[in-house]
Amino acid sequence: MHDVGVPTATRSTGDSATLTQTEARNRTMLRARDTMDRSFELPLDVPSLAASAGCSEAHFIRTFKDVFGETPHRYLQRRRVERAMYLLRETQASVTDVCFDVGFNSLGTFSRTFKDITRLTPTQFRSRYQPVAAVPTCFAMAWARPSSFGEASRGQPQYSDSTATTSGCAEAEEGKA
Amino acid sequence: MITSISISHVWVFDQDEALDFYVGKLGLEVSADMEIGGAMRWLTVRPKGVTDREILLEKVAPPSVDPDAAAKIRELISKGASGFSVGFVTPDANALFQELKSKGVEITEEPTVQMYGTDFAVRDPFGNHIRLVQPAAGFAGA
């Protein structure tokens with residue numbers, strides 16, 4: 001494990017004083033990820049996340065990927081698609097409203113990203129999935145987040161959704177064939 | 001038949017820092033703090049006045065776990081991979097939020113109205129995820 005230095009100034013005063021350099025780096029990246037989870041609908045951009053983490057954009061992207069295995073942009077897109085899946089399931093909001101509500105600024109990008117990840121268009125998704133039981137939002141956000149991006153088109157749908165009906169899954173399978 | 005939950009567990013990196021956070025900031029009280037034989041410190045906390053349930057604040061360190069495992073566990077917790085650690089109940093989520101915010105607690109989610117109540121989330125100094133909920137009628141803790 002190589003250690004990526006984090007400028008002292010970015011260490012939060014609330015952090016444990018016992019953190020090693022790697023752990024301090026993790027906490028800084030976790031704080032950026034928590035910001036994405038909390039404020040996904042805002043026009044977040046990587047340069048401003050990097051600035052709040054106290055490092056250059058390139059360093060931020062590389063470090064985030066070292067810690068979480070994917071770039072911050074990709075993480076944010078998955079978070080936004082997960083929230084879109086939630087809104088499509090749980091509300092009657094139009095696809096356009098959902099698109100903007102979760103932070104996309106173009107319907108085209110939203111539809112393309114949504115389909116890359118879920119292999120379904122937003123409208124198809126809505127017709128196949130139903131509201132889930134009440135669990136803490138953080139729990140749903142962690143577990144319903146699609147685990148794939150793009151590569152889903154090469155295999156099974158990668159998101160997990162316990163509300164998928166048997167017929168819905170069967171249809172998705174037929175659609176793939 | 002199991003009738004209740006008595007002890008839950010949270011890994012911490014330093015028990016004094018954990019006390020400062022869980023007692024000094026969150027406002028819990030110490031229910032037991034015993035040093036036994038030098039390395040072992042049994043440290044539990046609980047909400048004030050709650051006598052049938054406590055949280056064990058266990059240090060991630062040898063000899064409880066080997067040095068390599070300790071380093072790995074610490075690294076995972078610091079990147080938020082310890083999952084959902086503890087859920088606390090409060091009669092007033094907004095007031096508690098303001099209090100914890102003023103004490104410098106790291107807030108990860110501001111109070112939000114959910115169907116199960118109003119809740120918000122914080123991290124402890126090590127990266128553990130803690131939720132605080134003001135339950136809606138009919139939900140646990142209400």
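In this predicted model, chain B contributes 24 residues and chain A contributes 23 residues to the contact between them, two residues being in contact if their C-beta atoms, placed from the backbone, lie within 7 Å. On the side of chain B that touches chain A, at least two residues each come from helix 2 (67–78), strand 6 (106–114) and strand 7 (117–123) of chain B; helices (H or I, at least four residues) and strands (E, at least two) are DSSP runs, numbered from the N terminus. Strand 6 of chain B gives the most, with five residues.

Residues are numbered from 1 along each chain as its sequence is written, and chains are lettered from A in the order in which they are written. Local features need pLDDT of at least 70 and side-chain atom pairs count only at pLDDT 80 or more, whereas totals for chains, interfaces and linings use all residues.

The largest nonpolar core has 29 residues. Such a core is a set of buried Ala, Val, Leu, Ile, Met, Phe, Trp, Tyr and Cys residues joined through C-beta atoms within 7 Å, where buried requires 20 or more other C-beta atoms within 10 Å of a residue's own, with C-beta atoms placed from the backbone. Helix 4 (72–90) of chain A is among the helices that supply at least two residues, and the largest share, six residues, comes from helix 4 of chain A. Among the residues with the most contacts inside this core are Met36(A), Phe60(A) and Ala84(A). Ala84(A) touches Val98(A), Val102(A), Phe114(A) and Pro122(A), not counting residues up to four places away in sequence. Apart from this core lies another, of 14 residues, including Phe21(B) and Leu57(B).

Definitions and conventions:
Buried ≥ 20, exposed ≤ 12 C-beta atoms within 10 Å, placed from the backbone.
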